[in-house]
Amino acid sequence: RIDYEALRYYRSNLFISERFLIGGDGDIFEGVGWRKAGNHTHGYNSNSLGIAFIGNFEHEGPGDLMMIALGKLLTCAVQKGELTADYKLLGQKQVSGTYTKSPGRKLYDIIKRLPNWTASP
């Protein structure tokens with residue numbers, strides 16, 4: 001039996017599917033950018049700003065430079081009108097069901113303390 005959901009997920013993640021990525025040194029990399037919907041979270045791609053942190057954050061959190069970069073990117077998104085000032089900040093696992101641990105336990109703990117985080121979409 002073919003697991004079509006797993007196959008769809010695998011195929012859709014063979015390329016960078018988020019709008020932006022944040023590296024360990026705080027550099028921000030453009031994925032699909034502002035104007036194209038990402039392919040990161042089924043049901044939320046067209047009305048979200050998918051941002052990936054490069055690394056595994058299950059056991060260790062991201063560095064300060066990464067969090068500063070996130071703040072700058074979110075501020076820029078609001079200034080450009082890509083996000084409203086009252087945007088909702090979520091971790092991918094909040095909207096992806098049980099098949100992902102993203103953004104990782106330690107990063108998720110940090111995200112939950114940020115001003116625009118919300119428990120539900």
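From the N terminus on, the order of elements is α-β-β-β-α-α-α. That makes four helices and three strands; helices (H or I, at least four residues) and strands (E, at least two) are DSSP runs, numbered from the N terminus. This is a predicted model, where local features need pLDDT of at least 70, side-chain atom pairs count only at pLDDT 80 or more, and totals for chains, interfaces and linings use all residues. Residues are numbered from 1 along each chain as its sequence is written, and side-chain values use heavy atoms, with hydrogens and water left out.

Of the 121 residues, 36% are buried. Buried means under 20% relative accessible area, exposed over 50%, partly exposed in between (1.4 Å probe, protein chains only).

Now helix H2, residues 64-79. Which of its residues are buried? Met66, Met67, Ala69, Leu70, Leu73, Leu74 and Ala77. They sit on the same side of H2, because their arc around the axis is only 155°, taken from the directions from the helix axis to the C-beta atoms. On the other side, Asp64, Lys72 and Gln79 are exposed. The cover over the buried residues includes S1, S2, strand S3 (51-53) and helix H4 (105-111). After H2 comes glycine 81, with a positive phi near 80°.

Next, glycine 24. Where is it? In the loop between strand S1 (20-22) and strand S2 (28-30). Glycine 24 is exposed, at 53% relative accessible area. Leaving out residues up to four places away in sequence, glycine 24 touches Leu65 and Met66; contact means heavy atoms within 4.5 Å. Glycine 24 and methionine 66 are 42 residues apart in sequence, yet 5.9 Å apart in space, C-alpha to C-alpha.

Terms used: The expected span of a helix is 1.5 Å times one less than its number of residues.
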